Each structure stands twice: as C-alpha cells, then as structure tokens.
Amino acid sequence: MSSPRIALVPLDERPACAELPRLVAAVAGVRLLTPPADAMPVLREPGSPGALADWLSAVEADAAVVSLETLGHGGLIASRTRPATVASVTAAWAPLHGLAARGVAVHAVTLITRTPDSADAMEEPAYWDPHGPALHRLSADLHRAADDPAAVAGTLRAAELPADVRADFLTRRVRNHAVNLAALELVADGTLRTLVVGADDTAEHGLATAELRWLDTWSAWLGLGERVSVRPGADEACTVLLARTLLELLGGPAPTVRIEAVDPAGLRRTAAYENVPVATTATRQLRACGAVVLPDSDPDDPDVVLLVHTPDAAGDWAVAPPAATDPAPARALAARAAALLAAGQAVAVADCAQPNGADPQLVRALAEAGILERLTAYAGWNTAGNTLGTVAAHTVTAVAARRAGRFDERAHRRLLLHRLVEDRGWMSGERARVRALLGSDPTRHDHVPAGHPVLAEIAAGLARRRAELPGFDGLVIDPASVRLPWSRTFEVDFALTDSGSASAAHPAPVTRPGAPEDAR
C-alpha cells in the first residue's frame, strides 16, 4: 500500500507535542504533514489561526489530527492567556467542516484549562505571579462547595484575591468549558471522527476535575461512546490520536492489551497531578488509541502486556528530586517483564513511580535483565497521563505496523532509546545537575539564553547518559542537535543519529523574526 498521509496541527511547537508524533509515525513508515513554522506558536507568541486554517484547507491528507487550542487560539499558552470569545474560537474551527466534507477523517484534541499550584506565570496569565497558589485554593474550594450555592458565595467572598483577577480567572474557565462542550457537538454531528478531552495538571479537588466529570457525563448523555475519551493528560494527546488514526488507516483488528502491576493495589493509586487512579488513566489512554483492554479474567493472551510501575510518594524529579528510590519494586517489575518475554509475550512498560522523570532503579533493573531493546514501548516522563499515553501510542502503532507489514525496526529502536535518554538521562539525571550549575530554583521555570555555554555541558551529559544504556548499537546523540526548546531546563531536545552520520535530519529550533528571546 502507498504511504498514508496524516496532517497534524500540534498543541504547540515543543518536541513533546510536535516531534513525538513524528517519531511514533515513523515506526509505521507513515508521512506526517505539519504546518509551516511561521503559522505555529513560539512560546508565548501565538501562532496564526488564519494561516493554520488556510493550510488545513489546502492540505492533501488521508486523515487529520488537530489541536483545537492551536486552531482556535494559536497554541496552548495562547488559550490560557489571550482574550477570546467562544464565538471567535469556534469560528476558527471552520476548516474542520471542510475536511470532513472532503471525506478526511478528523480527530481532535481539546483541553480543560489547568490551575497550577504555583506563582510561576511563564505559561499562565501574568497575574499568576503572585496569585497562582490562591487561585489553586479557590479552584479546589469551589469544587468542594459546588452543590451548595451558599457555600459557593461564601467561598468567593473569602478568597484572598483582587476582584478583577478572580473575575478574569472564572470568565476564562467558563469560556473554556463552553468551547469544550462545542467540541462535543462536533463529534455528535459527525464533523469529528474522535475527540480526546485532556485534563492537564489536575488534582482530586479542583474546577478542572469538576469540568472533566461534566464533559464525561455530557459525552455519555449524547451517546458518543468510544468516540470521546475524557482523561488526564495534555502534551501526549496528539500522539495518542495519531496512533488511533494510524490504526484506522492501516486496518486490521484492534490490538489487545492487559494492564498489570507487580503490586496490583498500586493501580488503584492516583498519581501526582491527576484525579483518577492510574489504572483508569491507563485504560482510557489505551482505548483512546483504539486498543481493547482485556480484563484479568480473560483467558486469551493479549497482543501486549502493559506493566505499570505504579505511583510512589518519593518526590518529584522536576521540583523535589528524591535522594533515592526503592529498588525492590523495580527489580520485581523487571523480573516479571523478563519472564513474560521469555514466554513469548510482548511487553510495554509505563514508568509512573514518580512524576517528571523515570525511576533510575527501574531503568537499571531493565538494563541488567538485558531487555531494554526487547520492549514494545517505554516511557517515564512528566505526569502519569503523559507517560501512559506515550506508551499506549507506541504500543498500538507497533502492533498495527507489524500486522500491516510496515514496521520500521530502526525507527522503533530510535523511539525507545529517545525516551530512555530523555526520561532517565535528562529528567531524573542531568537536569538537577545542570540546574545546580546555573543556580536555578527548581520550583520555578528558569531562563537559559540561546547560545549559553551550558548547552555544551548538557550535550556532554546526555552523551554520557546514552553510553550508560546498553544496546541500541549505532545510535548516538548528535551534539549539534541539543537545545532547550523553550529556553528553560524543564525540557530538552536532541536527535539520535547513526554513528558517523551526526548530520542526520532533525528539526532546527523554531524562530520567528522579531520574536522576543524571553517571552515571559
């Protein structure tokens, strides 16, 4: 068959949103078409909804995966910070109707606005510094009081916030909720084939959690079934829908997956920054990719067993790195993975033990067992939703590509190694060391100007971390590709190339004439 073409309008220009889908698509040898760089956002500078609409209207593709935040606002941060109306946002979605009329299957992502417990305004409205923590508390208190109008009024009176800040915060939330309801309507009328509703950085109590449940309820009332997935996660959402799109284009039965954990009780835990048990997130991410989740009682062997390294309470690799993690559960999971592989069962691993990075003990145990290269998928980055969505997407794509005779072994190994280097080598390894060199406060986003000499130190550190990972012969880090996409140390970007060919293609940093170096 000819190579399918998928048009992608990502959430923003970060590698997690724009490059990860490309790495997954490569596993199936599929062409991914993306908008021109000058139509996309650059940090706080929004992209152009008009230019994106023109591109979507003209693109020749078999299917499309579209971030509604990017098409409607110009990007993720723009959806949180810029003035807009429900009418202006939904009007910007007009090209979706044109795609559907041309017979193009359209899959979309929309997000529930977060309320982070931080005074860092890098990705939020300017008033988040200093009012972010108070807004986070107000969000939780309003959720708790939601069924009692008197309690809601009392909560609003007691909020230690300027009236204009509180009003703008709540107005943005009601607009976002109305826009998300409009997205459900696009599924109901057939414009969208599927929709993922992501809840970014949530908690047990908060307006995002309430809104997630309301949207889930409306989806059920509308009878939308598996066409809508409402779950934690954001940055990985386009990759999840890409996998579902690939599955439809390549054909064949839905991949079957069984979810396991060494400690089954751990699957009932709720990970940091989320609002449902990790088993629920895993199930919803797999189903959003088009997979069938087999219950433990099912006698059939699944295509893949997903082993979840379940949430622990030992810190956060971004803001409070743990001094050490318990090796026992990591060794037990690696032993279980090795036993399954020895029995001929495919295995994927989702490392959800701590947020914002991989558990070093787990990666070490998997390496010592000699099975890193034999995994169907691996991830351990940011939230459990991000990790589980990435693993689900890679898993579904790998199974579908093998069945269709389109599996690219080299691309698969490249994606596996990329996640190991980024999630273990950077997030739970080099990042803390580099931040110490810079004197950065880990509780706030720092700023590293372009060309800063620390980039050479980062490249050397990542190369050392790559060398610590056994196998993946021939794949090395191209030092010239190493960069900090948003001029901060939270995330890093790099390319893995074949030995002796460090000039292999890799997207250059996205720039725009006149764009400020520091957009905060």
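Trainee: Which residues lie nearest the centre of the largest pocket?
Mentor: This is a predicted model. The largest pocket has a volume of about 960 Å³. Its lining holds 49 residues. Nearest the centre lie R114, D201, N356, H445 and F490.

Trainee: Which element gives the most to the lining of the largest pocket?
Mentor: Several helices supply at least two residues each, namely α1 (15-18), α2 (20-27), α5 and α17 (409-438). The top contributor gives five residues, and that is α17.

Trainee: What is the mean pLDDT of the chain, and where is the pLDDT below 50?
Mentor: The mean pLDDT is 93, and 96% of the residues reach 70 or more.

Trainee: How much space lies in the largest cavity, and which elements give two or more residues to its lining?
Mentor: The count is three cavities of 30 Å³ or more. About 110 Å³ of space lies in the largest cavity. Of its 17 lining residues, E69, S79, L111, T113 and N176 lie nearest the centre. The elements that give two or more residues to this lining are α4 (68-73), α5 (76-81), β4 (105-112) and α10 (163-188).

Trainee: Is T70 buried or exposed?
Mentor: T70 lies in helix α4. The cut-off for buried is under 20% relative accessible area. T70 has 0% relative accessibility, so it counts as buried.

Trainee: Which backbone oxygen lies 2.9 Å from a polar atom of the side chain of T70?
Mentor: Leaving out residues up to four places away in sequence, T70 touches V9, P10, L11, D12, M40, L52 and G75. A polar contact of 3.1 Å also joins the side chains of T70 and S67. The backbone oxygen at 2.9 Å belongs to L11.

Trainee: Where is T390 found, and is T390 buried or exposed?
Mentor: T390 is found in helix α16 (residues 384-403). Beyond four places in sequence, T390 is in contact with L20, E236, A379, W381 and R419. A polar atom of its side chain lies 2.8 Å from the backbone oxygen of N386. At a relative accessible area of 3%, T390 is buried.

Trainee: Which element supplies the largest share of the largest nonpolar core?
Mentor: The largest nonpolar core has 102 residues, and L306, L388, I458 and L462 have the most contacts inside it. The largest share is ten residues, and it comes from α16.

Trainee: How many residues are in the second, separate core?
Mentor: This core includes W93, L96, L192 and L215. It is separate, and its count is 38 residues.

Trainee: Which elements do the buried residues of α15 pack against?
Mentor: The buried residues of helix α15 (residues 360-368) are P360, L362, V363, A365, L366 and A367. They pack against β9 (304-309), α14 (327-342), β10 (346-351), β11 (377-379) and α17.

Methods:
Residues are numbered from 1 along each chain as its sequence is written. This is a predicted model: local features need pLDDT of at least 70, side-chain atom pairs count only at pLDDT 80 or more; totals for chains, interfaces and linings use all residues. Side-chain values use heavy atoms; hydrogens and water are left out. pLDDT is the predictor's confidence in each residue, from 0 to 100. Helices (H or I, at least four residues) and strands (E, at least two) are DSSP runs, numbered from the N terminus. Buried means under 20% relative accessible area, exposed over 50%, partly exposed in between (1.4 Å probe, protein chains only). A polar contact is a pair of N or O atoms within 3.5 Å; within protein, one must be able to donate a hydrogen and the other to accept it, and residues adjacent in sequence count only if both atoms are side-chain atoms. Contact means heavy atoms within 4.5 Å. A nonpolar core is a set of buried Ala, Val, Leu, Ile, Met, Phe, Trp, Tyr and Cys residues joined through side-chain atoms within 4.5 Å. On a 1 Å grid over the protein atoms alone, a cavity is a set of points where a 1.4 Å probe fits but cannot get out, and a pocket is an open set with protein on both sides within 12 Å along at least five of seven lines; lining residues have an atom within 4 Å of a point. Grid points are joined across faces, edges and corners, and a volume is the space filled by probe spheres set on the points.
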